[in-house]
Amino acid sequence: MKAHFYFLKVIAFIALVATNCFAQEAPATKKPNIVFIMSDDHAYQAISAYGHGLNNTPNIDRIAKEGAIFKKGFVTNSICAPSRAVMLTGKHSHINGKIDNVHSFDWNQENFAKTLQANGYETAMIGKIHMDGLPQGFDYSMVLPGQGQYYNPDFIENGVTKRIEGYVTKITTDLAIGWLDQQRNPDKPFLLLYHQKAPHRTWMPEEKYLRLFEDSTFAPPANFFDDYVGREAAAHQEMSIDKDMDLAYDLKMLDKDGDIQTKYRDSAEAMHKRMSPEQRKAWDAYYDPIIKKFKADKLTGKELALWKFDRYMKDYLATIQSVDDGVGEMLDYLDKNGLADNTIVVYTSDQGFYLGEHGWFDKRFMYEESFRTPLLMRYPKEIKAGTVVEEMVQNLDFAPTFLDYAGAPISKEIQGESFRKLVGGTEKKWRDAIYYTYYEYPGEHKVKRHHGVRTDRYKLIHFYYDIDQWELYDLEKDPTEMNNVYGDSRYKKVQQQMHQKLKEARKKYKDSDEKDQQYINAGK
Ligand code: SGN
Ligand code: CA
């Protein structure tokens with residue numbers, strides 16, 4: 001009798017182990033889940049896996065270590081809402097219609113979340129989306145209105161606005177993991193868009209990270225004091241750390257006496273008021289002594305510019321630490337719940353960002369730092385740990401790539417290409433040129449309208465509208481794009497070839513001077 005009972009116990013134990021194994025190890029045919037992590041304005045220079053040595057992002061780096069790092073990830077239009085529209089639709093801005101942050105996005109058009117939904121996926125979008133209207137294609141949406149707030153943000157849950165106390169990056173992570181843990185249907189594969197606001201302007205760190213870079217001093221890149229010779233459009237922007245950063249708003253010099261009166265002081269005050277008394281106390285305890293020293297030091301000229309750069313970097317990088325923490329929490333959650341193996345994890349940003357290159361903050365230009373964007377990806381079933389991808393992929397490629405992994409149909413109208421085989425190591429043939437467009441001019445930061453084409457070695461850019469300027473760069477000889485060789489006789493042949501590439505790209509992607517003019521007219 002006793003032996004029989006023991007036997008039953010053993011059987012029960014084996015059954016339990018087997019069930020657990022099945023719960024954890026999905027069969028090979030099971031559709032993969034997708035966790036698509038996107039942050040806002042996260043420069044690849046500020047991810048330690050890219051090797052720039054500015055900060056440590058161990059959790060984001062883990063995705064590269066266990067999967068792939070893309071050395072040449074690019075966007076097609078380096079600004080927030082247009083980038084997201086390209087990511088969702090797999091179509092360039094002039095086709096999906098969301099050319100800038102001002103025009104509205106038509107949610108009625110097809111997007112890859114809708115296609116996944118129709119193919120058995122449960123879908124959620126959590127965090128920053130920066131587009132008006134109820135997101136379509138999502139069973140659940142919990143998004144920030146517009147740019148969102150760092151402290152005590154409002155969120156719109158399936159169309160209904162509510163305020164949540166706390167720090168936005170942490171809240172977004174909690175909501176994303178909360179949806180995975182408690183809300184989703186465990187019988188369906190899922191798509192989770194987990195999209196952070198940070199490290200977007202005005203770079204407000206979480207209380208616990210205010211002092212993270214207290215003991216560091218950041219030296220700017222070599223071309224910080226750029227004179228823009230030969231680059232007229234670059235000379236006319238308003239995104240200079242020295243000239244355009246606001247002392248009270250961007251650099252937090254919101255003094256109690258009100259001596260520091262700046263253009264955006266009111267906005268700085270509003271952000272400060274939004275904090276709870278405890279949050280404000282931690283904030284002031286950190287910044288007040290810095291403000292005091294700043295007023296006493298009375299810096300001018302280059303010294304002041306370098307001080308601004310250092311302050312900018314301290315705050316910007318501190319906001320990234322909370323993003324990295326969130327990635328760590330997400331990866332841990334997937335591990336603990338047996339989901340890591342069957343889940344594609346992507347980390348990217350809506351575009352790159354200037355960390356002092358050419359003297360700038362912000363993005364928009366087709367120059368490398370904003371044209372490029374970080375891209376790391378893990379999917380143990382198909383991607384070998386430690387993969388490095390050198391080919392040029394774009395945010396245009398996300399939609400077809402995810403649809404490909406999910407075995408869902410890829411509409412012929414999608415302009416991007418699936419990079420599943422490329423990252424999986426079975427595809428050797430890839431595109432040799434990528435196309436770029438930028439439209440938000442006249443507008444904030446005054447970056448002129450332009451478009452261009454990039455190959456592995458060269459880049460051709462045309463600035464138009466109230467200017468007619470061509471730029472050509474030899475990225476091998478001039479990786480920081482200081483020397484415009486357009487018109488240089490030594491590059492005559494290259495210039496001709498690049499013009500041809502641009503013509504081909506515009507044809508391929510159905511762009512034209514008429515389209516440009518149509519969008520100029522729409523802005524009038
Ligand atoms: C805001 C920022 C700009 C930034 C745009 C676009 N100003 O308008 O500095 O370029 O967003 O950024 S702020 O005073 O509101 O911070 S994007 O990432 O959303 O495209
Ligand atoms: Ca952005």
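How much area do domain 2 and domain 3 bury between them? In this predicted model, the two domains bury about 820 Å², with 54% of that area on carbon and sulfur atoms. On the domain 2 side, Arg-231, Ala-233 and Glu-238 lose the most area to domain 3, and together they make up 65% of what that side buries.

Contact involves 7 residues of domain 2 and 12 residues of domain 3.

The interface of domain 2 and domain 3 has 1 salt bridge. Glu-238 and Lys-446 form a salt bridge through their side chains, at 3.7 Å from N to O. The side of domain 2 that touches domain 3 consists of 2 nonpolar, 2 polar and 3 charged residues.

Ligand 1 is surrounded by 18 residues, and the closest are Tyr-249, Asp-362, Arg-364, Glu-444 and His-445. By class, this shell holds 3 nonpolar, 6 polar and 9 charged residues.

| Residue | Distance to an oxygen atom of ligand 1 |
|---|---|
| Asp-41 | 3.3 Å |
| Asn-101 | 2.9 Å |
| His-200 | 3.0 Å |

Ligand 1 taken alone exposes 450 Å², of which the protein buries 87%.

Methods. Residues are numbered from 1 along each chain as its sequence is written. Chains are lettered from A and ligands numbered from 1 in the order in which they are written. This is a predicted model: local features need pLDDT of at least 70, side-chain atom pairs count only at pLDDT 80 or more; totals for chains, interfaces and linings use all residues. Side-chain values use heavy atoms; hydrogens and water are left out. Contact means heavy atoms within 4.5 Å. Buried area is the accessible area (1.4 Å probe) that two parts lose on being put together, summed over both. A salt bridge is a side-chain nitrogen of Lys or Arg within 4 Å of a carboxyl oxygen of Asp or Glu. Ala, Val, Leu, Ile, Met, Phe, Trp, Tyr, Cys and Pro count as nonpolar, Asp, Glu, Lys and Arg as charged, and the others, Gly among them, as polar. A residue is near a molecule or strand if one of its heavy atoms lies within 4 Å of it. A polar contact is a pair of N or O atoms within 3.5 Å; within protein, one must be able to donate a hydrogen and the other to accept it, and residues adjacent in sequence count only if both atoms are side-chain atoms. Accessible areas come from the Shrake-Rupley method with a 1.4 Å probe; for residues, only the protein chains shown count as cover.
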